[in-house]
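Subject: Structure handover

Hello,

Here is the structure you asked to take over. Please look through it first; my notes on what was found follow below.

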Amino acid sequence: AAALSQIAAKITATCTLTLAEAPPDPTHVNVYFDEKAVPADPTNGWTLSGSTITLVGSACDQVMSGAVLDVRVVAGCPTLQPN
């Protein structure tokens, strides 16, 4: 089952996520891969422009490889920044 999920993830993978609307506070948005927070990082994380989140660098690579099965965007808490 895990192998089939990973294959399906590769088929449906994308590094551009379009939200229904722009978040009211762009400094209070977080992206999670399989329930693990991904920092907002223009090199190896994600960026937000209006209502579009773009996964970049290693974050995009993880999604495209099928290593990530669940991507979630959550608004309401301060954005996690890279260390």
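A polar contact, as used in this email, is a pair of N or O atoms within 3.5 Å; within protein, one must be able to donate a hydrogen and the other to accept it, and residues adjacent in sequence count only if both atoms are side-chain atoms. With that in hand, take the side chain of Asn30: one of its polar atoms lies 3.1 Å from the backbone oxygen of Pro78. The backbone oxygen of Cys77 is 3.3 Å from a polar atom of the Asn30 side chain.

The model is predicted, so local features need pLDDT of at least 70 and side-chain atom pairs count only at pLDDT 80 or more, while totals for chains, interfaces and linings use all residues. Residues are numbered from 1 along each chain as its sequence is written, and side-chain values use heavy atoms, with hydrogens and water left out.

Overall layout

The protein chain has two helices and six strands. Helices (H or I, at least four residues) and strands (E, at least two) are DSSP runs, numbered from the N terminus. Read from the N terminus, the order of elements is α-β-β-β-β-β-α-β.

Of the 83 residues in the protein chain, 29% count as buried. Buried means under 20% relative accessible area, exposed means over 50%, and partly exposed lies in between (1.4 Å probe, protein chains only). The accessible surface of the protein chain is about 5100 Å², and 57% of this belongs to carbon and sulfur atoms. Such areas come from the Shrake-Rupley method with a 1.4 Å probe; for residues, only the protein chains shown count as cover.

A contact means heavy atoms within 4.5 Å. Among contacts in the protein chain between residues at least 6 apart in sequence, 71% join residues at least 24 apart.

The disulfide

There is one disulfide in the structure, the term meaning a pair of cysteine sulfur atoms within 2.5 Å. Cys15 and Cys60 form this disulfide, with 1.8 Å between their sulfur atoms. Cys15 sits in the loop between helix H1 (2–12) and strand S1 (16–18) and Cys60 in helix H2 (residues 58–65), so the pair ties together parts that are 45 residues apart in sequence. The link of Cys15 and Cys60 is right-handed, with 95 degrees about the S-S bond. Cys15 and Cys60 are both buried.

The core and strand S5

A nonpolar core is a set of buried Ala, Val, Leu, Ile, Met, Phe, Trp, Tyr and Cys residues joined through side-chain atoms within 4.5 Å. The largest one has 16 residues, of which Val31, Phe33, Val38, Trp46, Ile53, Leu55 and Val63 touch the most other members. Strand S2 (29–33), strand S5 (52–55) and H2 are the elements that give two or more residues to this core. In soluble globular proteins, nonpolar side chains tend to be buried together.

Which residues of S5 are on its covered face, and which on its uncovered one? Ile53 and Leu55 make up the covered face, Thr52 and Thr54 the uncovered one. Leaving out residues up to four places away in sequence, Ile53 touches Cys15, Thr16, Leu17, Leu19, Val29, Val31, Trp46, Thr47, Leu48 and Val73.

Two strands pair if DSSP finds at least two bridges between them. S1 and S5 pair in the antiparallel sense over three bridges, and Thr16 stands opposite Thr54 in S5. Strand S4 (residues 46–49) pairs with S5 in the antiparallel sense too, over four bridges. Opposite Leu55 in S5 is Trp46, and opposite Thr54 is Thr47. S4 and S5 form a hairpin with two residues between them, and Gly50 in the turn has a positive phi of about 65 degrees.

Beyond residues up to four places away in sequence, Asn30 touches Trp46, Arg72, Val73, Val74, Cys77, Pro78, Thr79 and Leu80.

Asp25 lies in the loop between S1 and S2. Asp25 is partly exposed, with a relative accessible area of 31%. The side chain of Asp25 makes a polar contact of 2.6 Å with the side chain of Thr27. Asp25 and Thr79 are 54 residues apart along the chain, with their C-alpha atoms separated by 10.0 Å.

Pro42 lies in the loop between strand S3 (36–38) and S4 and is exposed, at a relative accessible area of 64%. Apart from neighbours within four places in sequence, Pro42 is in contact with Thr47 and Val56.

Regards
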